[in-house]
Amino acid sequence: PGRADALAAGLILVLFALIRVAAIRGGLSVDPTVVEGLWQNLTLAELDADLAGALIGLHSQPPLWNLVLGLFVKACGPEALCVSEGLWALHMALTPLIAGLIWATLRLAGVARGLAWGAAALFALSPGPLFYETFALYAQVTCALAAGGALALAAFARGARGGAEAALVVSALLCLTWPLFHPAWMLVTFAALLLIDRRRALRARPLATLALTLALTLAPSVWNFHRHGLFSNGSWMGMNLSQTVEWLSPEQRDRCLFRGVIEDIEEGHRAGRLPGPAAGRDKSVHDPAIIPRSRECAAMAASEILSRPGRWLTGRAETLVRSHRVWSWEYEYYAPIGWERMPIPDKSRTPPPWAEGAEGWELFALFALTAGAALGALACGLFGRRRGLAMALMLQVAAFTAASHIANGVEQNRMRHTIAPEWLMVAALGADALRRRRTARSAEA
């Protein structure tokens, strides 16, 4: 990095800080009720009383996010405001870090300095990070890990020692943070390494790291099988999968909706059919009694999908289009305090865009153009020596997008924040490939 890079980084940091100061002065702040209300989070009191025990007993998802949350609880006590503000500070610090990872990845790939800084600035100064910095869940953490994994892939593509191992370790951390990153994600990452350099990916050290990290990511599934007879890294898969089946009867849907499951479990405790008192604050989603219902819903959903696979695939394709017609911050289930006063377009404040007809198609066209340009550059051989890295990043974007739409019925635009850096990297690589081709043609002329 030279003087121009230092100036660009300084300018982005100043603008980033000014936006945060203006937003906070305009009324933006965390909602301290959210950290306790999110189903993925264990109660602060439980984490404060016995952090290790709470993580050992956690079956609904992998333990890493609640470990992060628990460390803040240990620093603050079970005080929702203190914990929320601590997470806000962490998430805010991650935004310039992620922007730096985007820049470093693109520069390692040989992308022009201006394009690399442009992609980094687009992330750091966009509304998405500003929104998810306030969100007391793992969106910013997984975004940072995904960006770090992309940097490791770029380092591997440049021949750096340890790049393959770093990519696998980062992928393992993702798998231990969010159930959507199933242990099979390790195989996606290894496939990305094979696309970059098959010979080096098949050496002893990457293969040994793959074996170790795969075993680590399978540990929550093994533990859940030992305790509950469920070989899975999360116990909500049945309810999530049932949301993807759009033709369920009202009875089937009510039985597999999270709200209905929670009410049934709480009623079971009150009636004495289940041992002990019911959990408060909707935390029955962490009750072991949810596991049999999840199995039932998974079996029902699988049966329905297999009976009408064409209709299910059509529904998933429609959801894919809908989710790419809204920005990641247009999230109807959450907004920080004061978000409505921010001068940021947000269709989640009005009826969803698919109820409005024509709204959102310009964003879908942007995603389609980015994907089409990248695939076109790949088909035309414009990436040159960066072909392997471009294919690796495109594979990860495609795999994550597919997983989020196959395993969940809703909230894909929120999930997409995790791979926002990869989308920017793919767009910058495609733009740089076109720039190089134009430069070469000008030189020939």
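**Pockets, cavities and a helix pair**

In this predicted model, the second largest pocket takes at least two lining residues from each of α7 (113–124), α8 (127–132), α20 (361–379) and α23 (420–444). Of these helices, α23 gives the most to that lining, with 9 residues. The pocket has a volume of about 700 Å³ and is lined by 29 residues. Nearest its centre lie Leu122, Trp327, Leu366, Trp423 and Leu424. Sorted by class, the lining of the second largest pocket holds 21 nonpolar, 7 polar and 1 charged residues.

The largest pocket comes next. About 1,300 Å³ of space lies in it, and 49 residues form its lining. Trp236, Asn240, Gln243, Phe258 and Asn408 are the lining residues that lie nearest the centre of this pocket. Two or more lining residues come from each of α2 (34–37), α11 (185–196), α13 (204–228), α14 (237–242), α16 (258–270), α21 (387–406) and α22 (412–415). The largest share, 4 residues, comes from α21. In the lining of the largest pocket, 32 residues are nonpolar, 13 are polar and 4 are charged.

Rolling a probe the size of a water molecule over the atoms shows where empty space is left. The structure holds 3 cavities of 30 Å³ or more. The largest cavity contains about 100 Å³ of space. It is lined by 16 residues, and Ala146, Leu174, Trp185, Gln396 and Glu422 are those nearest its centre. The elements that give two or more residues to this lining are α9 (139–157), α10 (163–175), α11 and α21. With 5 residues, α9 provides the largest share of the lining of the largest cavity. By class, that lining consists of 11 nonpolar, 4 polar and 1 charged residues.

The second largest cavity has a volume of about 50 Å³. Its lining is made up of Ser323, His324, Phe400, Thr401, Ser404, His405, Gln412, Met415, Arg416, Ile419 and Trp423. Here α21 and α22 are the elements that give two or more residues, and α21 gives the most, with 4 residues. The lining of the second largest cavity divides into 4 nonpolar, 6 polar and 1 charged residues. Trp423 links two of these spaces: this residue lines the second largest cavity and is also among the residues nearest the centre of the second largest pocket. Likewise, α21 gives residues to the lining of the largest pocket, of the largest cavity and of the second largest cavity.

Two packed helices are described by the angle between their axes and the distance between the axes. For α1 (residues 3–25) and α7, the packing angle is about 15° and the axes are 10 Å apart. Because angles under 35 degrees count as roughly parallel, α1 is roughly parallel to α7. The crossing of α1 past α7 is right-handed. On the α1 side, the contact involves Ala4, Asp5, Ala8, Ala9, Ile12, Phe16 and Arg20; on the α7 side, Arg113, Trp117, Ala121 and Ala124 take part. The residues of this contact comprise 8 nonpolar, no polar and 3 charged. Besides meeting α1, helix α7 supplies at least two residues of the lining of the second largest pocket.

Definitions and conventions. Residues numbered from 1 in each chain as written. Predicted model: local features only at pLDDT ≥ 70, side-chain atom pairs only at ≥ 80, totals over all residues. Heavy atoms only, no water. 1 Å grid on protein atoms, 1.4 Å probe; cavity = no way out; pocket = protein on both sides within 12 Å on 5 of 7 lines; lining within 4 Å. Points joined across faces, edges and corners; volume = space filled by probe spheres on them. Nonpolar A, V, L, I, M, F, W, Y, C, P; charged D, E, K, R; others polar. Axes fitted to C-alpha atoms, helices over the stretch in contact; angles between N-to-C directions. Parallel < 35°, antiparallel > 145°, perpendicular 65-115°, else oblique. Left-handed = near helix turned anticlockwise from the far one by under 90°. Contact = heavy atoms within 4.5 Å.
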